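Please keep the sequence and the structure in view while reading.

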Amino acid sequence: MMKVKSIRNRLDNVKDINDVLRLLKTSKKILVITGAGISTSLGIPDFRSSQGFYNQLQHLGLSDPQEVFDLELFHTDPSLFYSIAYMILPPEKIYSPLHGFIKVLQSKGKLLRNYTQNIDNLESYAGISSSKLIQCHGSFATATCVTCNYQVKGETIFEQIRNKDIAYCPKCTKTRNQLLRDDEDVYISESFGVFKPDITFFGEPLPRAFHDSINQDLADCDLLISIGTSLKVAPVADIVDKVPPQVPQILINKDPINHCNFDVSLLGYCDDVASYLSNELGPTWDIDHEKYNKIR
Ligand code: CNA
């Protein structure tokens, strides 16, 4: 089920679902912003929904649940992050019909770029090319030792994350043992030799790729689609305000986003909305996914 809303009449010729279908057919440089909502159908909770990750953290008694992604706190006590990271660990080698829909845009040569705030790296399994993807908040694809910067593939530490154990860098473990052998009273900080998944914590800059491409993409895009994000985290949330005024803006989301100026809001589960659009647009838009609800 999907509700279509056009709350603010920003552009006279973009008001309803027919306009969305027309724009998808005619646009050539679509900028897609995505968030946690595109992966919830795979069992990964989003942050701010009632069933979301932040509500599931209430038992920790934090003043602000975002603290689990606070860089300073990670350096003081990495065990807090490692006690909850399993909850957002990406399942491997799966993706949602919505990821598949973005792949269709790419195959049709219409995808200018997908700016994802997601850290699950599921876009790669859907076949979205790295040149078309900006992982604005990094991802679990790699992890780096906070002491010596040794980088490993993310999956190397997935087992520790699943077991809620802190993942340590093997190189620094040797150094630590040597230090302790030399002086058993030596001070070694809690985060010495700890791997941190390469996701962007509060207090860290966004990856360079974001800053390298955003201005040009804003100038080039001819349609913006925001999907499965509450648009509450800057600077990604600011993208919608920076798109040139003549560029239509479409929202696909479970809940309305009232602080932004979308021309048309398609409200519902994004996999359903993507299936609906693909069905309406014809066979060349079919999504390569077992859960794609083809009704032709
Ligand atoms: P958010 O603030 O939790 O918002 C999610 C939005 O998605 C909400 O507006 C929901 O209404 C909507 N939503 C949820 N399920 C669906 C669905 N099936 N179909 C359509 N809409 C849906 O999360 P944001 O992404 O806006 O916040 C940015 C954070 C979330 C980033 O820093 C991410 O790293 C972080 N995050 C990522 C993941 C992931 O990688 N899968 C999971 C949880 C959080």
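**Domains, ligand and sheets**

In this predicted model, the centres of domain 1 and domain 2, taken over C-alpha atoms, are separated by 32 Å. Domain 1 covers 1-43 + 95-136 + 207-296, while domain 2 covers 45-89 + 138-199. The ligand lies between the two domains, because both domain 1 and domain 2 give residues to the shell around the ligand.

**Contact between the domains**

- Where the domains touch, 10 residues of domain 1 are in contact with 9 residues of domain 2.
- On the domain 1 side of this contact, the residues divide by class into 5 polar, 3 nonpolar and 2 charged.

**Surroundings of the ligand**

- There are 29 residues around the ligand, and of these Gly35, Gly37, Asp46, Phe47 and Asn118 come nearest.
- Sorted by class, the shell around the ligand holds 14 polar, 9 nonpolar and 6 charged residues.

**The sheet of 7 strands**

- An open sheet is formed by 7 strands in the order E1-E10-E9-E8-E2-E3-E4, and its pairing is mixed.
- The edges of this sheet are taken by strand E1 (3-5) and strand E4 (133-135), each of which has a single partner strand, so one side of each is left without a neighbour in the sheet.
- From one strand to the next, the twist of this sheet averages 15 degrees.
- Helix H9 (residues 208-220) lies across strand E2 (30-34), strand E3 (111-116) and E4, and runs at about 135 degrees to E3.

**The sheet of 3 strands**

- A further open sheet consists of 3 strands in the order E6-E5-E7, with antiparallel pairing.
- Its edge strands are strand E6 (151-153) and strand E7 (195-199), each pairing on one side only, and the twist averages 35 degrees from one strand to the next.
- Strand E5 (residues 138-145) is joined to E6 by 3 bridges, the two strands running antiparallel, and Thr144 stands opposite Gln151 in E6.

**Packing of helices H1 and H11**

- Helix H1 (residues 17-26) packs with helix H11 (residues 270-281) at an angle of about 70 degrees, and the two axes are 11 Å apart; that angle makes H1 roughly perpendicular to H11.
- The residues that meet are Leu21, Leu24 and Lys25 in H1 and Leu277, Glu280 and Leu281 in H11.
- By class, this contact of H1 with H11 contains 4 nonpolar residues and 2 charged residues, with no polar residues.

**Local backbone features**

- As background to the two residues that follow, most peptide bonds are trans, and most residues other than glycine have a negative phi.
- The peptide bond from Ala234 to Pro235 is cis, with omega near 5 degrees, and Pro235 is found in the loop between strand E8 (223-227) and helix H10 (239-242).
- Asn121, a residue other than glycine, has a positive phi near 65 degrees, and Asn121 lies in the loop between E3 and helix H6 (122-126).

Methods:
Residues are numbered from 1 along each chain as its sequence is written. This is a predicted model: local features need pLDDT of at least 70, side-chain atom pairs count only at pLDDT 80 or more; totals for chains, interfaces and linings use all residues. A residue is near a molecule or strand if its C-beta atom, placed from the backbone, lies within 6 Å of it. Ala, Val, Leu, Ile, Met, Phe, Trp, Tyr, Cys and Pro count as nonpolar, Asp, Glu, Lys and Arg as charged, and the others, Gly among them, as polar. Domain bounds come from an automatic or database domain assignment. Axes are lines fitted to C-alpha atoms, for helices over the stretch in contact, and angles run from 0 to 180 degrees between N-to-C directions. Helices (H or I, at least four residues) and strands (E, at least two) are DSSP runs, numbered from the N terminus. Angles under 35 degrees count as roughly parallel, over 145 as roughly antiparallel, 65 to 115 as roughly perpendicular and the rest as oblique. Two residues are in contact if their C-beta atoms, placed from the backbone, lie within 7 Å. Two strands pair if DSSP finds at least two bridges between them.
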